[in-house]
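Here are some notes to read alongside the structure. Take the points in order, and keep the 3D view open.

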Amino acid sequence: MDDRLVAAFAIMEASGYIAPVLFILFHVLRQFLFIPVALVCMAGGILFGSLLGTVYSLIGLTLLSIIFYFAIKSFTSFYERLLRLKEKWFGKSADLTTGQIAVLRMIPFIHYQLLNLCLMQKNPQFKPYVRATIISNIPLAFFYTVFGQYIKQFSPPILIMILLALVVLFYLLREKVRVIGWNEFFPERNRV
């Protein structure tokens with residue numbers, strides 16, 4: 001485990017009643033320390049137990065998403081880079097549902113802020129965005145908090161089966177509507 005993460009969790013364990021607040025704030029700071037979301041959620045289960053760890057992780061992830069909602073408008077270069085990354089990974093006309101985003105959040109190597117951008121494009125108003133964020137963060141917080149201590153003991157075939165199940169869920173939860181542009185439907189004819 002990373003030394004920065006071990007030091008942060010040692011401080012949280014020793015802090016008593018303020019530990020939940022530090023843990024929630026650590027969710028916001030973890031992106032600057034390049035620590036994966038799943039690892040922080042697993043630590044929440046170890047430090048606070050399944051129920052409280054899930055609640056604290058959900059609060060921290062939702063707070064992080066709300067900060068992203070307001071901050072992304074100030075960082076246009078980061079916003080444009082996320083848009084290019086979205087087009088590269090999901091295609092130009094990709095319109096992911098909240099269920100798909102919830103499944104993608106559970107895959108550790110998918111960029112968390114990229115998924116926040118997808119939610120923001122799907123729900124541009126603040127309240128629907130926060131609602132979709134909470135819904136999409138629940139499986140992530142629950143899964144990694146409750147099963148985090150056991151997932152590192154899984155064998156590679158079990159991990160591959162879990163990832164394949166997540167890919168199947170992603171496919172089944174897709175939005176089944178295809179938008180066809182006017183030029184794509186009626187291609188221009190060569191005029192003589």
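1. Start with K86. This is a predicted model, and in it K86 lies in helix 5, which covers residues 76-90. Is K86 buried or exposed? K86 has a relative accessible area of 9%. The cut-off for buried is under 20%, so K86 counts as buried.

2. Look at what surrounds K86. Set aside the neighbours within four places in sequence. K86 is then in contact with G91, A94, L114, C118 and Q121. Two of these names, L114 and C118, return below among the buried residues of helix 7.

3. Move on to L114. This residue is found in helix 7. Its relative accessible area is 0%, so L114 is buried. Again leave out the neighbours within four places in sequence. L114 then touches L82, L85, K86, W89 and F90.

4. One distance is worth checking here. L114 and I101 sit 13 residues apart along the chain. Their C-alpha atoms are separated by 9.9 Å.

5. Now take helix 7 as a whole. It spans residues 112-122 and is mostly covered. How many of its eleven residues are buried? The count is nine. They are Y112, Q113, L114, L115, N116, L117, C118, L119 and M120. An α-helix has 3.6 residues a turn, so residues three or four places apart point the same way.

6. Compare the directions of helix 2 (residues 19-29) and helix 3 (residues 37-48). They pack at an angle of about 175°, and their axes are 11 Å apart. Angles over 145 degrees count as roughly antiparallel, so helix 2 and helix 3 are roughly antiparallel to each other. Helix 2 brings A19, P20, F23, F26 and H27 to the contact. Helix 3 brings V40, C41, G44 and F48. What classes of residue make this contact? Seven are nonpolar, two are polar and none is charged.

7. Next, find the largest pocket. It holds about 610 Å³ of space. There are 26 lining residues, and the closest to the centre of the pocket are R30, Q31, H111, Y112 and Q113.

8. Helix 4 has the largest share, with four residues. By class, the lining of the largest pocket has 21 nonpolar, three polar and two charged residues.

9. Turn to V167, which is found in helix 9 (residues 156-172). Its relative accessibility is 47%, so V167 counts as partly exposed. V167 and I107 are 60 residues apart in sequence. In space, they are 9.2 Å apart, C-alpha to C-alpha.

10. Finish with the whole protein. Its secondary structure comes to ten helices and zero strands. From the N terminus on, the elements run α-α-α-α-α-α-α-α-α-α. The protein has 192 residues, and 39% of them count as buried. Residues 24 or more positions apart account for 70% of them.

Methods
Residues numbered from 1 in each chain as written. Predicted model: local features only at pLDDT ≥ 70, side-chain atom pairs only at ≥ 80, totals over all residues. Heavy atoms only, no water. Helix = DSSP H or I, 4+ residues; strand = E, 2+ residues; numbered from the N terminus. Buried < 20%, exposed > 50% of the residue type's maximum accessible area, 1.4 Å probe, protein only. Contact = heavy atoms within 4.5 Å. Axes fitted to C-alpha atoms, helices over the stretch in contact; angles between N-to-C directions. Parallel < 35°, antiparallel > 145°, perpendicular 65-115°, else oblique. Nonpolar A, V, L, I, M, F, W, Y, C, P; charged D, E, K, R; others polar. 1 Å grid on protein atoms, 1.4 Å probe; cavity = no way out; pocket = protein on both sides within 12 Å on 5 of 7 lines; lining within 4 Å. Points joined across faces, edges and corners; volume = space filled by probe spheres on them.
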